[in-house]
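Here is a short report on one model. Look at the sequence and the 3D view, then read on.

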Amino acid sequence: MQRYPKIVRRNGKRYFFRFSLVQRMQHIILFTTVITLALTGFPLRYYNQPWAKPLYEFFGGIDIAPWIHRITGLILLALFLFHTGYWIYLFFKNRVGRLIREKALTVGNVIKEFFSMEMIPNKKDFYDLIDMFKYLLFFSSRRPHYDRISWKEKFDYFAPYWGIPILGPAGVALWFRDEITQYVPGIALNAFYIMHTDEALLAAIFLFFVHWYNVHYSPEKFPMATVFLTGYLSEEEMIHEHYDEYERIMKEEGLELEIISQNH
Amino acid sequence: MLGMIMNIDINNSLYGVCPKGWRNVASACISGGLLYMLLMFCGLGLFSSNSIAAAADELNCVLCHKYRGLSRIDEKGDFRLFYINQGLFNKGPHKRIQCKDCHTDIDKIPHDPAKDVDCTVQCHLTEPSGEEKFTHKPVAEVLAKSVHGTANMDEEEIEYPEDYPYCTDCHDQPLYRPLSFFKGQAAGVSERGLSRCKTCHQTGDFAEDFYNHVTSRLQKMRVSAEIVNLCAKCHGDGKFQERHGLQGNVVASYWETFHGKAAYFGSDATPDCIDCHVVYGENVHSIAGKDSRTSATHEANVAATCRASECHANAGEQIAGYQVHTDYDDPDKYPMQHYMLKFFKYLMAGVMYFFVTIIFLELLRRLFPNFSFFKPRKEIRQTTISTAGNE
């Protein structure tokens, strides 16, 4: 796998590594499919709104749009499976492999390693949340010192990662409604319908409002945060959003003396 | 007189979209009325040679009824239009029926207000397969015995006789409906099909007329959404549903299903009311209530109805358990749907209120980035920063 330098310099500024090419590609597939699914799905949910019919016609109307929706859905499901395989691969390669080398391979250690993965919520996230409210409510002027993945980013991550297993199979079941009723009672179709459309609404509103606020609308990001393309985050953004990680990397790279305080 | 001529393009007045008083223009045309206008022309007969006069119009009724403005306000205050569009009439199924076959009480010109048409009278047309005079009576009998008729009810049981439909309540404007389509297939006269008929039937318009007559029975006359709107005239009315002890707003719940949404977007391959409520292959007039053993929606028959060859042919028996007319606001009847929807609503409300609050506070915080009610002493603040990396 390609090695990425932790810090690169461009035009006299430091940039910190965040996402590898494979991860950035996964994100691009994720958001193109999700947007396409939303555009071909919501006109059906809100069929009697004035925008629904023109939008649906744009995607080919009732004969074509459902097929675009289904095929895009399959791509998203494939991405979900790939991503699951991807983190399991990394987990074994990096963590289980190390345990084997250190001859410390026990069930307990594997579980411990699992819960110390950077995406898994932990105690620090809880304290960060408290720090954040202290800061937001003017009780403290110290910003929360997030590590590599903040609790917000973990939420962003698990929104689709729990959303897809709910939406996807329900969508497939509604697609193959005839065959599925040979195994499950018909009322399950009613349940799949609610699961599919209402989880989709939750996902869409969260993504297009909260996630896009974080990466598009918020004053310092507008019009667009570029980390999803470049894979690197600027020093200023690191200080604001990942101060713990910033300090750690600077120390690792021998740049302790150049660490900038958060309230500079 | 001519001031009453209104610029109405009936050809384009799509069925079902015009206001109530106008909906019955076609039946009004046929049912006749007083001729307050144009009387003097009738006696003269000067305008009787009309190039597209109906073939069956021996009595020359179109002499007067060809005028677009022929109309009046009747005793009930409804606008009545008595104009006959001959071009459309000649394409319709009643082309060869004389006006007087249906408007039986008219026997002089100018005539008095005509009675409503009774579709069960015999016409002067002989039904070719049985050599008997033709009538719609057998259809009316089937309808009378169905859930839409009162033939099987005791007199005391009939509470709201005016609610039961008559032929023209559904078949209100067959003449003015636009070109129809059978599910997915273009309708109309196939020139190639017609050429086979014409090999033998060479005289006049015989081939066209009979080909039209036969194939019009095989065409789906209305797209799914039109059928639903037709049934909704009664079943979309909450008071009507209540009067007859029928469940909830079945029209609204239909529109919420995939069937309904596809119909809304113009699909003519999606099922409408008739496709599920009429036993597959049976007369559409024979719809029975769902408690009747012969009903397509009786619980013993639902699976067979869903699994009809053009629909969910590969589905299991259990497809019958799918609840089409779900009312999400009714926790007693549809508890699963009601509480699932509630769960997602509360989940979304919780997530969104939480994050919108944070976004709001963040925006507010940006205005005073370094302010704090509790100023930490300088040394504590220093310590916090220098140890932050070791947390």
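Helices (H or I, at least four residues) and strands (E, at least two) are DSSP runs, numbered from the N terminus. Two strands pair if DSSP finds at least two bridges between them. The model is predicted: local features need pLDDT of at least 70, side-chain atom pairs count only at pLDDT 80 or more, and totals for chains, interfaces and linings use all residues. Residues are numbered from 1 along each chain as its sequence is written, while chains are lettered from A and ligands numbered from 1 in the order in which they are written.

**The sheet**

Chain A holds an open sheet of three strands, in the order β1-β2-β3, with antiparallel pairing. β1 (7-10) and β3 (232-234) of chain A are at the edges; each has a single partner strand, so one side of each lacks a neighbour in the sheet. β1(A) is joined to β2 (residues 13-17) of chain A by four bridges. In β2(A), Arg14(A) is the bridge partner of Arg9(A).

**Two crossing helices**

Axes are lines fitted to C-alpha atoms, for helices over the stretch in contact, and angles run from 0 to 180 degrees between N-to-C directions. The axes of α3 (residues 61-101) and α6 (residues 151-175) of chain A come within 10 Å and cross at roughly 140 degrees. That makes α3(A) oblique to α6(A); angles under 35 degrees count as roughly parallel, over 145 as roughly antiparallel, 65 to 115 as roughly perpendicular and the rest as oblique.

Which residues meet? Contact requires C-beta atoms, placed from the backbone, within 7 Å of each other.

| Helix | Residues that meet the other helix |
|---|---|
| α3(A) | Arg70(A), Gly73(A), Leu76(A), Leu77(A), Phe80(A) |
| α6(A) | Ile164(A), Gly168(A), Gly171(A), Trp175(A) |

These contact residues divide into five nonpolar, three polar and one charged. Ala, Val, Leu, Ile, Met, Phe, Trp, Tyr, Cys and Pro count as nonpolar, Asp, Glu, Lys and Arg as charged, and the others, Gly among them, as polar.

**A helix against the sheet strands**

Helix α11 (residues 243-252) of chain A has buried residues, among them Tyr243(A), Ile249(A) and Met250(A). Buried means that 20 or more other C-beta atoms, placed from the backbone, lie within 10 Å of the residue's own. The buried residues of α11(A) pack against β1, β2 and α10 (235-241) of chain A.

**Where the chains touch**

42 residues of chain B are in contact with 45 residues of chain A. On the side of chain B that touches chain A, α17(B) gives the largest share, 15 residues. That side divides into 23 nonpolar, 14 polar and five charged residues.

Note on methods. Contact = placed C-beta atoms within 7 Å. Buried ≥ 20, exposed ≤ 12 C-beta atoms within 10 Å, placed from the backbone.
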